[in-house]
Amino acid sequence: MKLSLMLGAMLTALFLGAALLSFLWTPAEVTGVNIAARLRVPDGTNLLGTDHFGRDILSMIMVGARTSISVAVIAVGIGMGLGVPLGLAAAARAEGWLDELIMRGNDLVFAFPSLVIAILITAVFGPGAVNAIIAIGIFNIPVFARLTRSGALSLWQRDFILAARVAGKSRIRISAEHILPNVTNLLIVQGTIQFSLGILAEAGLSYVGLGAQPPTPSWGRMLAEAQTMVALAPHVALIPGMAIVLMVLGLNLLGDGLRDALDPRMRQRPT
């Protein structure tokens, strides 16, 4: 097993474990305010210190991981669930009107970054985690559609696909039974990359007030609230910032490791 895959899996498992554990236990109440204990540095009582309201930072990091991971997972699920069928349909009708319609629709979505989409959605429905999920999910759809289409196009001229067509199988059946299984490795790797980008997008939206709303902890909002206290208590900003960096780093390393493990061209032949 590659070192990057092991390290990525360990970092990802650490935050996933913290997020799952937060459903059952946290060191302190995340919404509990204790002004007398505000801005404590990490010690035996508060392992990662406290913020400007006296809230335990470790507890907020754990619940914030749950928030960020939930938003990213659902958003990637939306992008994959809608983008993959669109990509398969476009490849099955390559250079036809359906292919052109899907690809131009993808270009239209790519013209608006997730932050702009979130602002548009927020202007209509208000800020919140659900709207952040919708915005990030919409942006993920063309990513998976393009990837699926490019991977599928290279397969449609293969001999086993031609044999399936001669056998009388429909394009839909060929896409489901033959094309999709052969592009799954691409989707898995891209899924981890989009997962990490979803974490960053959720943090960015929360930073500007468009993501999860108080009292739900969020890494991005923790950074936003701590930016005026960096000189006074740098740990309040450094800890959520490091959490974002390590989570994204872990997912990227995991994606690189999975790419090497799943792509036959990346495997070394035994001597």
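The expected span is 1.5 Å times one less than the number of residues; helices are DSSP runs of H or I of at least four residues, numbered from the N terminus. The model is predicted: local features need pLDDT of at least 70 and side-chain atom pairs count only at pLDDT 80 or more, while totals for chains, interfaces and linings use all residues. Residues are numbered from 1 along each chain as its sequence is written, and side-chain values use heavy atoms, with hydrogens and water left out.

The buried residues of H1 are Leu-5, Gly-8, Leu-11, Thr-12, Phe-15 and Ala-19. They lie on the same side of H1, because they cover an arc of only 145° around the axis, taken from the directions from the helix axis to the C-beta atoms. On the other side of H1, Leu-3, Met-10, Leu-14 and Leu-20 are exposed. Buried means under 20% relative accessible area and exposed over 50% (1.4 Å probe, protein chains only). The cover over the buried residues of H1 includes helix H2 (57-92), helix H8 (219-226) and helix H9 (235-262).

The largest nonpolar core has 25 residues, of which Ile-61, Phe-195, Ile-199, Trp-219 and Met-247 touch the most other members. Such a core is a set of buried Ala, Val, Leu, Ile, Met, Phe, Trp, Tyr and Cys residues joined through side-chain atoms within 4.5 Å. H1, H2, helix H7 (171-207), H8 and H9 each supply at least two residues of this core, and its largest share, eight residues, comes from H9.

Conventions. Contact = heavy atoms within 4.5 Å.
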